[in-house]
Amino acid sequence: MTEHLQLADALDALPWLSLREQKALQSAGLATVGDVLLRMPRRYEDRSRSGNLATVLPGQTACLQVHVYSAGWRFSYKQYYELSVGPAAEPNGPRLLLRWFNMPYVAKLLAVGMDLFVYGKVRESGGRLMMVNPDFEQVEEEDAGRRLVQAAMGGIPLPVPEPAAPATPVHTGRIVPIYRGLSGMPPRTYRGLVWRLLGELDPQLPARGYDIAPRYPFRQALQDIHFPAADEDQRKARMRFALEECFAQQFRVAWRRRRSQRQDGMVTATDGAYVQELLAALPFRLTGAQARCVEEIRADMASPRRMNRLVQGDVGSGKTLVALCAMLYCLGSGYTAALIAPTQILAEQHYKNFCRLLAHTDIRVSLRTSDRADDTGALQLDDPAEADRTPRLLVGTHALLYKKNRPANLGLAVVDEQHKFGVEQRERFINSAGTAADVLVMTATPIPRTLTLTLYGDLDVSVIDELPAGRGEIVTALRNPDHMKRIISFMHSELAAGRQIYIVSPLVEESEKRAQASAIAELARWKEIFPEVPIGLLHGRIQPEEKERVMADFRANTTRILVATTVVEVGVDVPNATIMLINDADSFGLSQLHQLRGRIGRGQHKSYCILLSRLKKDDERLEKLQVLCRTTNGFEIAEEDFRLRGPGDVLGTAQSGLGAVQFPEWLADMRLIHRANRDAEAILDADPDLTDPAHAPLRQLVEGEEETAVTG
Ligand code: ADP
Ligand code: MG
């Protein structure tokens, strides 16, 4: 080996990789040395302590050093390769049987007389100890091993079946990395490949990109994370990679924030007449928190700088009204305003709501979803003369992204329930909105502070931390379906009092068609229980017009019960509904349950969230449901969710768009985030345009960011 490998080197240029192996790597998307070496172990197994065959017990997982006494193919109901092994130099010592099923290549590697490390779970069968499909490794060094193998094959030189056995053990007798499986390549072959790549890697390998921890070389960290000599090494290496990932992310955020701060915007809050008019007509006053948010937004819009603001407010805190005020400021200044919602149901709701609230004004409200295009007036979208004269408020789903729907003269874009969109989608929308339009994103999913900084560090944040007064209390209870009788009689009494009910079931079926079938079955079940009561059904497969009708009926209290899937999760606002019954509540995520519960308690009536679960009382999966019974505070629930599921999962489901996070541990680490943030800011203070050649890797980090940076 004369030339050292670099991370960018192509795997298919390696002469010692078989065609099949190359294929397997390729189909897993691994093309370069770096692709493999930056694919981190999923976990480790400590196989470093060598056990003793004389004392090992069935059921234990053990790593043993043994000698092969006999070998051969056997057949019972299936063919398998079997070795009888025992301590070396003890021909009459204890014996262990090793059996390999469906692994013919093993027979080519192992033969009588070899010394091996074997690792696996010890079982007992017919009074004999055995391991099935154990991991193994020759104890001897390379040459001796290959000679033995060749002898076993009758002296025919072998096509190298896998990287030859190295002098130090790779698969046994040490802390061994376990990777996610690769189809077409056995785990040990993959592990052997990683080992060999590391062995041939440039010892002077420079850090990848910007070196955040020069005192702990990147090259060493790679070695430590794949083949740690001690557990400590592996943790230290992870820490380095986590910091690197965190820094890269914080650097991008800092870069974006600076870009957007330098951006010219439009002055879009010159006239507050519409807002005054609206507020005067409302039957209630804005809460203190709403008023503060509106003022923060107004100030942003009135400044020539472009607004990039996040409104974070718990379910039911009244974000819609805040958004409407912002849009009215924008309309008052002669620009168009648009609001985009994640579902058609929600877009329709906003549309109807705005039409009602603005009926007495000259504002035209239009709806744009993929299924419908409604206007309060017969306004041609692409008639610029008309558009200039009439204040226009657009409501839509992502259909607003389509070219033909793109609003002209846009001054403000509001993204509702932003966590339901990926960051990417949000940015596409904003891009299509034009580069100077103010941007307001709203989210009801409160997230832990560390995540706010990470996900929204480039945005200014307003928090609505107060619910409107006069809201009925919400009682949350965890019940077993055995209590159904009492629950039903309670539902009867609420219906008799004029209230309404949601019944939500998880989508347990894989296919939408089966999900539909189960939703229909659920409807039939409730129709039997409440034969007198009109019941509506809502799920993803229902046609758009039908959906609209179902929601309209429920809103009008014509249907009293709504049987639904999670399509009602976001935004739906029917203040007269007071019961939310959730089937198999344990199969939902915590924040999703919180959102569902947010559908009730929107009026002055006392409301009830009933979480049904078949799980036994002491099942730990009930813990999250107990959190809900304890608190209705979204921020508290978010922290609990974070604690129960870990940051990676929370991020994966609740918030998309951060890109792949390989080391989620930093997401919860405020100190690490602050440190990365400080480092990033310091660099940008000293070199705002990254012209210093030493900062070339950082430039690379924000490249491609350039475009989105303009849009925040
Ligand atoms: P969310 O923040 O979940 O989007 P909404 O904007 O849908 O909440 O508001 C929930 C309900 O509260 C709506 O029926 C709305 O009319 C009502 N609401 C909003 N602001 C106030 C207020 N200041 N006082 C009383 N009710 C309010
Ligand atoms: Mg809302």
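This is a predicted model: local features need pLDDT of at least 70, side-chain atom pairs count only at pLDDT 80 or more; totals for chains, interfaces and linings use all residues.
**Stop 1: ligand 1**

Select ligand 1 and show the residues around it. Now colour by secondary structure.

Next, hide the ligand and look at the space it takes. That space is the largest pocket.

**Stop 2**

- Start with G316. Its backbone provides an N or O atom 2.6 Å from an oxygen atom of ligand 1.
- Go on to D573. Here a polar atom of the side chain sits 2.7 Å from an oxygen atom of the ligand.
- Finish with Q290. An N or O atom of its side chain is 2.8 Å from a nitrogen atom of ligand 1.

On its own, ligand 1 exposes 560 Å², and the protein buries 84% of that.

**Stop 2: R240**

Select R240 in helix 7, which runs over residues 231–262. Is R240 buried or exposed? Its relative accessible area is 3%, under the 20% cut-off, so R240 counts as buried. The backbone oxygen of Y216 lies 2.7 Å from a polar side-chain atom of R240.

**Stop 3: D482**

Move to the loop between strand 18 (474–479) and helix 15 (484–496), and select D482 there. Its relative accessibility is 69%; because that is over 50%, D482 counts as exposed. D482 and L612 are 130 residues apart along the chain, yet their C-alpha atoms are separated by 9.5 Å.

**Stop 4: two asparagines with positive phi**

Select N133 in the loop between strand 7 (128–132) and strand 8 (135–138). Check its backbone angles: phi is positive, about 50 degrees, although N133 is not a glycine. With a relative accessible area of 34%, N133 falls between 20% and 50%, so this residue is partly exposed.

End at N557, in the loop between helix 17 (544–555) and strand 21 (561–564). N557 is not a glycine either, and its phi is positive at about 65 degrees. The relative accessible area of N557 is 27%, which makes it partly exposed.

Terms used
Residues are numbered from 1 along each chain as its sequence is written. Chains are lettered from A and ligands numbered from 1 in the order in which they are written. Side-chain values use heavy atoms; hydrogens and water are left out. A polar contact is a pair of N or O atoms within 3.5 Å; within protein, one must be able to donate a hydrogen and the other to accept it, and residues adjacent in sequence count only if both atoms are side-chain atoms. Accessible areas come from the Shrake-Rupley method with a 1.4 Å probe; for residues, only the protein chains shown count as cover. On a 1 Å grid over the protein atoms alone, a cavity is a set of points where a 1.4 Å probe fits but cannot get out, and a pocket is an open set with protein on both sides within 12 Å along at least five of seven lines; lining residues have an atom within 4 Å of a point. A molecule sits in a cavity or pocket if more than half of its atoms lie within 2 Å of its grid points. Helices (H or I, at least four residues) and strands (E, at least two) are DSSP runs, numbered from the N terminus. Buried means under 20% relative accessible area, exposed over 50%, partly exposed in between (1.4 Å probe, protein chains only).
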